[in-house]
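Subject: Structure handover

Hello,

Here is the structure I promised to pass on. Please look through it first, then read the notes below.

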Amino acid sequence: MAGGEYPDPVNPTRTRIGWIGIGVMGAAMASRLLSAGYSVSIYARSPSKAAPLLSVGAHLAASPADLAASTDVIFTMIGHPSDVRHLVLETLIPSLKPNTVIIDHTSSHPALAREIHSSAHQRHCHSIDAPVSGGDIGAREGKLAIFAGGDAEVVEWVKPLFDLLGKVTYMGSAGKGQSSKIANQVVVGGSLVGLSEGLVFAEKGGLDKKKFLEAIRGGAAGSMALELFGERMIDRDFEAGGFAEYMVKDLGMAVDVGEEEAAVLPGAGLCQQLFSGMVANGNGKLGTQGLITVIERINGINID
């Protein structure tokens, strides 16, 4: 293994975990590691936000550098590629001790993941780009889909941690996890557009929308998007598992990822514009299921 062999298998009694990024999903994921008996240290720019995790045994690190120096595996789940570059590449990696593993759950750019992987190896450390799908429910229940890119043997070594969070699939070399997440978002975005338009059409047709969902659930229109978001759309529950503004970011990478991975994706381009409409309407912090509000506005449906 590049960077040296690990002395011990991952184990709650030995493996010290660091976590940065305690939003809706990050906090739920860190909580699952705590519940499994792992020692978890957290860095938070606003320490008050860490209170729920501290109350169940997490430790608060004074800085990202302190966290990096005192942990064996560091998870990050933050906002944008620019945040990842500053935190991971410029702040954490220079402070790592040999054989530390950085697992970045942020939806970010494949090229940046490859740069982080190379930089970590220069420090005799390891990085895995491991963005996730499944939203807040998947995070709480440990049912996330995890797309892992990096060195296969490192992914296998930390698999006991991934198993607490969901199902990990090794996608290939560094950056392949991020490419998988971008492709995933293209599928999710298209599903949300279809679901939103179907529900608006059902409303225009005078249908009972919950009965409509039940009727289509077992057919070709059934999907995980329907299961996760259909009733939320009907009930006007737009609490965020993943922010709409992040879909703008993710779909933007799909349509402008660079020459090496470029593809013509007209549906993804339209979907990005619709999510951009949500942001323009002041709803960027709503959950992705709030996309229905854009379709409703287009159709002149009065909304809250």
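Contact here means heavy atoms within 4.5 Å. Helices (H or I, at least four residues) are DSSP runs, numbered from the N terminus.

This is a predicted model: local features need pLDDT of at least 70, side-chain atom pairs count only at pLDDT 80 or more, and totals for chains, interfaces and linings use all residues. Residues are numbered from 1 along each chain as its sequence is written, and side-chain values use heavy atoms, leaving out hydrogens and water.

**α9 and α13**
In α9, Val186, Gly189, Gly190, Leu192 and Val193 meet Ala268, Cys271, Leu274 and Phe275 of α13. By class, this contact has 7 nonpolar, 2 polar and no charged residues (Ala, Val, Leu, Ile, Met, Phe, Trp, Tyr, Cys and Pro count as nonpolar; Asp, Glu, Lys and Arg as charged; the others, Gly among them, as polar).

**α12 and α13**
Helix α12 spans residues 244-255. Its residues that meet α13 include Met247, Val248 and Leu251. On the α13 side, Cys271 and Phe275 are among the partners. The contact of α12 with α13 has 10 nonpolar, 4 polar and 1 charged residues.

**Cysteines**
How many disulfides does a search of the whole structure find? It finds 0, a disulfide being a pair of cysteine sulfur atoms within 2.5 Å. Cys125 counts as buried, at 1% relative accessibility. Cys271 is buried too, with a relative accessible area of 3%. Buried means under 20% relative accessible area, exposed over 50%, partly exposed in between (1.4 Å probe, protein chains only).

Best wishes

Definitions and conventions. Helices (H or I, at least four residues) and strands (E, at least two) are DSSP runs, numbered from the N terminus. Axes are lines fitted to C-alpha atoms, for helices over the stretch in contact, and angles run from 0 to 180 degrees between N-to-C directions.
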